[in-house]
Amino acid sequence: MTDILTAIKTRRATKRFDASYKLTDAVLKDILDTARYAPTAYNIQNYRFLVVRSEEQREKISAAAHNQPQIKESAALIVMCADLKAWDKDRARYWEGAPEQVRDLYVNKMIPGYYEGREQVQRDEGFRSCGLAAYALMMAAQAHGLDSCPMDGFDFDQVKKIINLPADHELVMFVAIGKRAVEPKPRLGMLPLEDVVRHETF
Ligand SMILES: Cc1cc2nc3c(=O)[nH]c(=O)nc-3n(C[C@H](O)[C@H](O)[C@H](O)COP(=O)(O)O)c2cc1C
């Protein structure tokens, strides 16, 4: 297991994976299981991980993703999707175990009060959740000595059809996971810390 600071700093977007590397079901399950500890607003856990491993699906997705090699060479391709209506689906389960009053407050007032009729909020929260979960996936892969590539270089409409995305879900991004086949080039163009940090106001 790699410590977290090292994991963050050594992760690279992997462009070529070793196609012969086989990921065990147990390791993949642990990576997915770890990622679901990523936080979500009101604990609605609105991320969905679609796991693509078959040659047939990869072939189709590859054609919709400019034939980027990661699609076919990675050991697993995780399609990150947001369930935009998770907030309205049996939401009592998200607060199971909470004291009755707290549960009632979240389930019957705060969650519907925040999401109901607010399509943009539902979408924004879905993307936030998937972004965080995608990074958790990448870190979990790293902890298992694996590499990853976050990806959005694909035709969203085509991929939605290929994966049969439900109408109330949104497609967010891919995370390809596997063993790197070549060492990455040195990091490029990293902005100095002062360019990305502001204090108190802009
Ligand atoms: C949302 C997102 C989408 C990306 N899409 C692609 C992609 O389609 N193909 C690809 O090769 N890299 C993709 N990348 C990887 C970036 O190019 C890479 O993270 C960036 O150049 C910095 O390199 P590093 O991650 O190795 O530090 C994507 C990264 C993010 C965060």
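Trainee: Hi! Which residues does Tyr115 touch, not counting those up to four places away in sequence?

Mentor: Hi! This is a predicted model, so keep that in mind throughout. In it, Tyr115 touches Ala41, Tyr42, Ile44, Trp87, Val121, Gln122 and Glu125, once residues up to four places away in sequence are set aside.

Trainee: Where is Tyr115 found?

Mentor: Tyr115 is found in helix α5.

Trainee: Is Tyr115 buried or exposed, and why?

Mentor: Tyr115 counts as buried because its relative accessible area is 1%, and the cut-off for buried is under 20%.

Trainee: How far apart are Tyr115 and Leu84, in sequence and in space?

Mentor: They are 31 residues apart in sequence, and their C-alpha atoms are 9.6 Å apart in space.

Trainee: Let's talk rings. How many aromatic pairs does a search of the whole structure find?

Mentor: The search finds nine aromatic pairs. One of them is Tyr47 with Phe49, a stacked pair at 5.5 Å centre to centre with 20° between the planes.

Trainee: Moving on to Arg91. Where does Arg91 lie?

Mentor: Arg91 lies in the loop between β2 (76–83) and α5 (100–115).

Trainee: Is Arg91 buried or exposed, and what does Arg91 touch?

Mentor: Arg91 is buried, because its relative accessible area is 17% and buried means under 20%. As for neighbours, Arg91 touches Val107, Ile111 and Pro112, leaving out residues up to four places away in sequence.

Trainee: Now the ligand. Which residues surround the ligand?

Mentor: The shell consists of Arg11, Arg12, Ala13, Lys15, Gln68, Gln70, Cys149, Pro150, Met151, Asp152, Gly153 and Arg187. By type, those residues divide into four nonpolar, three polar and five charged.

Trainee: Which strand gives the most to that shell?

Mentor: Strand β3, residues 147–151, gives the most, with three residues.

Trainee: What about polar atoms of Gln68 and Gln70, how far are they from the ligand?

Mentor: Gln68 has a polar side-chain atom 2.7 Å from a ligand nitrogen atom. For Gln70, a polar side-chain atom lies 3.1 Å from an oxygen atom of the ligand. Gly153 takes part through its backbone, with an N or O atom 2.9 Å from a ligand oxygen atom.

Trainee: How much of the ligand's accessible area does the protein cover?

Mentor: The protein covers 61% of the 620 Å² that the ligand has on its own.

Trainee: Switching to backbone angles. What is phi of Asn43, and where does Asn43 lie?

Mentor: Phi of Asn43 is near 60°, a positive value in a residue other than glycine. Asn43 lies in the loop between α2 (25–35) and β1 (47–52), and is partly exposed, at 32% relative accessible area. For background, most residues other than glycine have a negative phi.

Trainee: What about phi of Asn67?

Mentor: Asn67 also has a positive phi, about 55°, although it is not a glycine. Its place is in the loop between α3 (55–63) and α4 (70–73). Asn67 counts as exposed because its relative accessibility is 55%, and the cut-off for exposed is over 50%.

Trainee: Last topic, the whole fold. How many helices and strands does the protein have?

Mentor: The protein has eight helices and four strands. From the N terminus on, the order is α-α-β-α-α-β-α-α-β-α-β-α.

Trainee: And what share of the residues is buried?

Mentor: Buried residues make up 38% of the 202 residues.

Note on methods. Residues are numbered from 1 along each chain as its sequence is written. This is a predicted model: local features need pLDDT of at least 70, side-chain atom pairs count only at pLDDT 80 or more; totals for chains, interfaces and linings use all residues. Side-chain values use heavy atoms; hydrogens and water are left out. A residue is near a molecule or strand if one of its heavy atoms lies within 4 Å of it. A polar contact is a pair of N or O atoms within 3.5 Å; within protein, one must be able to donate a hydrogen and the other to accept it, and residues adjacent in sequence count only if both atoms are side-chain atoms. Accessible areas come from the Shrake-Rupley method with a 1.4 Å probe; for residues, only the protein chains shown count as cover. Helices (H or I, at least four residues) and strands (E, at least two) are DSSP runs, numbered from the N terminus. Ala, Val, Leu, Ile, Met, Phe, Trp, Tyr, Cys and Pro count as nonpolar, Asp, Glu, Lys and Arg as charged, and the others, Gly among them, as polar. Buried means under 20% relative accessible area, exposed over 50%, partly exposed in between (1.4 Å probe, protein chains only). Contact means heavy atoms within 4.5 Å. Rings of Phe, Tyr and Trp (its six-membered ring) pair if their centres lie within 6.5 Å; planes under 30 degrees apart count as stacked, over 60 as edge-to-face and the rest as tilted.
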